[in-house]
Amino acid sequence: MEGEKRYISAEELKEHNKSGDLWISIQGKVYDVSEWAKEHPGGEIPLLNLAGQDVTDAFLAYHPGTAWQYLDKLFTGYHLKNFEVSEVSKDYRRLVSEFAKAGMFEKKGHVALFSLTAVALLFLVVLYGVLRCDSVWAHLGSAILLGLLWMQSAYVGHDSGHYQVMTSRGYNKLAQILSGNCLTGISIAWWKWTHNAHHIACNSLDHDPDLQHIPVFAVSSHFFTSLTSSFYGRTLNFDPLARFLVSYQHWTYYPVMIVARVNLFVQTFLLLFSNRSVPDRGFNIMGILVFWTWFPLLVSCLPNWPERIMFVLVSFAVTSIQHVQFTLNHFSANVYVGLPTGNDWFEKQTSGTIDISCPSMMDWFFGGLQFQLEHHLFPRLPRCHLRKVSPLVRELCKKHKLPYRSLSFWEANKSTIRTLRTAALQARDLTNPAPKNLLWEAFNTHG
């Protein structure tokens with residue numbers, strides 16, 4: 001009976017927002033996920049970031065319909081008092097329902113097959129160019145193709161991390177290890193750890209690891225106050241070295257992107273050999289060992305050190321296009337400080353993302369992630385559908401007066417450099433304390 005329901009207020013729910021005492025609400029029903037958080041496939045961090053509030057929109061975005069059956073055993077018996085759904089959320093949930101009824105989350109096309117085939121062919125051509133050809137031009141071409149291989153392999157790893165691209169979970173995990181660890185040298189476990197947090201806390205300066213690049217980059221003068229990263233659990237110190245590097249970040253941006261993979265290699269090792277709980281740690285380490293076996297051996301087969309250095313730098317430079325793309329999607333979008341909130345989850349995604357416009361023939365090059373907002377709103381949606389749903393997302397944003405930004409690759413680069421330059425000029429102003437810079441930013445918000 002309706003009158004027999006037990007209710008809890010939003011304020012009371014907020015009190016259950018820490019590890020060991022973690023409650024959430026989904027469609028007005030309150031669940032205790034304190035113990036289950038440790039088993040959550042997406043990790044504990046996404047749950048902690050949204051703890052103590054209604055998370056219906058985020059739950060719908062990241063979970064298939066089969067996930068609902070696991071909620072019953074977590075139900076506390078409480079319902080959220082005065083539970084209301086915003087008009088934006090109603091429209092968003094309607095789209096999710098329509099896509100599910102149309103089977104779009106299950107219709108993956110043959111993207112994974114084509115991508116893996118392309119990666120295998122590229123790998124064979126690279127091997128042939130290095131091992132069977134003596135021309136420096138052949139070696140240069142092989143380096144370019146290896147960079148493209150890394151890009152396409154990363155897209156497969158990204159897709160398989162968001163939804164099942166293979167016929168079974170076992171094969172899907174194998175695809176993740178092969179495309180990520182074995183071929184690129186970047187752990188899929190590290191990627192999931194950071195990427196899930198990024199999606200949930202999109203463009204939160206203290207909760208989104210994809211914006212936390214002190215001492216090299218700062219997209220906002222908020223970093224000048226030495227923010228504490230809730231993700232890494234440490235202070236992002238804005239010391240004299242950071243001030244110096246950030247002061248020239250609009251000049252160092254592209255050179256840093258060329259060698260950005262080195263940082264990803266380091267982050268992979270730091271996670272896999274840390275005390276943190278890492279799913280499939282053994283498989284991840286084995287995959288990394290495969291990469292650090294074949295890649296150094298391949299480079300060593302080149303005839304001399306100048307060609308070896310050229311090979312590594314060119315392959316890194318080509319794949320840096322992908323690193324640049326990922327930053328274009330977020331660096332010049334709106335930012336905020338603090339935890340994400342479930343009741344404006346849709347709004348936070350539109351505020352923190354930028355699409356890159358391109359013709360359909362270039363979809364393979366960007367891996368579908370040029371539709372960044374669409375991907376953030378529907379992370380389980382296979383990339384072959386993102387272009388189709390883009391007009392629907394654009395209309396929904398227009399209806400609710402929310403930003404929908406789609407820039408050309410060139411314009412997105414210009415916007416990112418402007419953002420970096422703005423922060424750089426503020427960092428150079430040694431006479432102005434941080435509060436004055438923050439006041440300046442309040443009147444000149446970028447994005």
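Biologist: What should I know before I start?
Modeller: The model is predicted, so local features need pLDDT of at least 70 and side-chain atom pairs count only at pLDDT 80 or more, while totals for chains, interfaces and linings use all residues. Residues are numbered from 1 along each chain as its sequence is written, and side-chain values use heavy atoms, with hydrogens and water left out.

Biologist: Which domains does the assignment give?
Modeller: Domain 1 (6-84) and domain 2 (110-329). The bounds come from an automatic or database domain assignment.

Biologist: How far apart are their C-alpha centres?
Modeller: They lie 33 Å apart. Seven residues from domain 1 and eight residues from domain 2 make the contact, meaning heavy atoms within 4.5 Å.

Biologist: How much area is buried between them?
Modeller: About 660 Å², with 67% given by carbon and sulfur atoms. Buried area is the accessible area (1.4 Å probe) that two parts lose on being put together, summed over both.

Biologist: Which residues in domain 1 lose the most?
Modeller: Ile45, Asn49 and Tyr62, together 67% of what that side buries.

Biologist: Which elements of domain 1 give two or more residues to the side touching domain 2?
Modeller: α2 (45-49) and α3 (56-62). Helices are DSSP runs (H or I, at least four residues), numbered from the N terminus. The largest share, three residues, comes from α2.
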